[in-house]
Amino acid sequence: MLPEDDANRQIANGFILDLNLNSRAIQVLPEAHGWEDVVDKFTNDYASTMRQYPHRMIALVIDFDEHKDRLIYINDQIPDDLKNRVFVLGVLSEPERLRRDINKDFEKIGEALAKDCSDNTNEFWGHHLLKHNITELDRMISSVKPFLFN
């Protein structure tokens, strides 16, 4: 997982704390310090190594900052040969707003999102600040679930 900032890093860390998850299969990378930096780091630092490891996948965890077209822009930056192994997820606004809305710290949010994945539910993914991720989430789960969840 390549997080945009510290809040997204904490959510990612909480995600891998879920007991139903094979956390050895996931690495949370250092934060990129901005959604554009996530794209740059991916294209400049990680895309080439993904080609060397055909089973490697990456989740780009960003703030959408209320820009629903950001996913389209980022997907346009992902090389065609990697599109099926790159997933873009994040809060529609910013993680701080989600934290206030559901009254959980960032790691607990990550744990709740992982539990939704392992339980095949959308209790938290269905929140109005996260539900825009459903299509991308379904694509990701169908690719990684056999490898990640017990």
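Reply:
**Helix packing and selected residues**

Helices α2 and α3 are roughly parallel to each other, because their axes cross at roughly 20°. Angles under 35 degrees count as roughly parallel, over 145 as roughly antiparallel, 65 to 115 as roughly perpendicular and the rest as oblique. This is a predicted model, in which local features need pLDDT of at least 70 and side-chain atom pairs count only at pLDDT 80 or more, while totals for chains, interfaces and linings use all residues. Residues are numbered from 1 along each chain as its sequence is written, and side-chain values use heavy atoms, without hydrogens and water.

The axes of α2 and α3 come within 10 Å; axes are lines fitted to C-alpha atoms, for helices over the stretch in contact, with angles from 0 to 180 degrees between N-to-C directions. Helices (H or I, at least four residues) and strands (E, at least two) are DSSP runs, numbered from the N terminus. On the α2 side, the contact (heavy atoms within 4.5 Å) is made by W35, V39 and T43. On the α3 side, R70, Y73, I74 and Q77 take part. Sorted by class, the contact of α2 with α3 has four nonpolar, two polar and one charged residues. Here Ala, Val, Leu, Ile, Met, Phe, Trp, Tyr, Cys and Pro count as nonpolar, Asp, Glu, Lys and Arg as charged, and the others, Gly among them, as polar.

Two members of this contact, W35 and Y73, also form an aromatic pair. A search of the whole structure finds one such pair. Rings of Phe, Tyr and Trp (its six-membered ring) pair if their centres lie within 6.5 Å; planes under 30 degrees apart count as stacked, over 60 as edge-to-face and the rest as tilted. The pair of W35 and Y73 is edge-to-face, with 5.7 Å from centre to centre and 85° between the planes. W35 belongs to helix α2 (residues 35-52) and Y73 to helix α3 (residues 70-77), so the pair links distant parts of the chain, 38 residues apart. The partners can also be described by their accessibility. W35, at 16% relative accessibility, counts as buried, whereas Y73, at 41%, counts as partly exposed. Buried means under 20% relative accessible area, exposed over 50%, partly exposed in between (1.4 Å probe, protein chains only).

A second pair of helices is also of interest. The axes of helix α1 (residues 6-15) and helix α5 (residues 106-119) come within 6 Å and cross at roughly 45°. At that angle, α1 and α5 are oblique to each other. From α1, the contact involves A7, Q10, I11, N13, G14 and F15. From α5, the contact involves F106, E107, I109, G110, E111, L113, A114 and C117. These contact residues of α1 and α5 divide into eight nonpolar, four polar and two charged.

Helix α5 also holds D116. With a relative accessible area of 4%, D116 is buried. Leaving out residues up to four places away in sequence, D116 touches T121, N122, E123, F124 and W125. From D116 to G126 there are 10 residues in sequence and 9.7 Å in space, C-alpha to C-alpha.

N120 lies in the loop between α5 and α6 (134-148). The phi of N120 is near 55°, a positive value in a residue other than glycine. At 63% relative accessibility, N120 counts as exposed. E66 also has a positive phi, near 65°. E66 is found in the loop between β2 and α3 and, at 46% relative accessibility, counts as partly exposed.

Two further residues touch each other: M57 and F87. M57 is found in the loop between α2 and β2 (58-63), while F87 is found in strand β3 (residues 86-91). M57 is partly exposed, with a relative accessible area of 30%, whereas F87, at 1%, counts as buried. Beyond residues up to four places away in sequence, M57 touches M50, R85, F87, S143 and V144. With the neighbours within four places likewise set aside, F87 is in contact with M57, I58, A59, L60, E136, R139, M140 and S143.

Sequence and space can also be set side by side for these two residues. M57 and D69 are 12 residues apart in sequence and 23 Å apart in space, C-alpha to C-alpha. F87 and M1 are 86 residues apart in sequence and 9.3 Å apart in space, again C-alpha to C-alpha.
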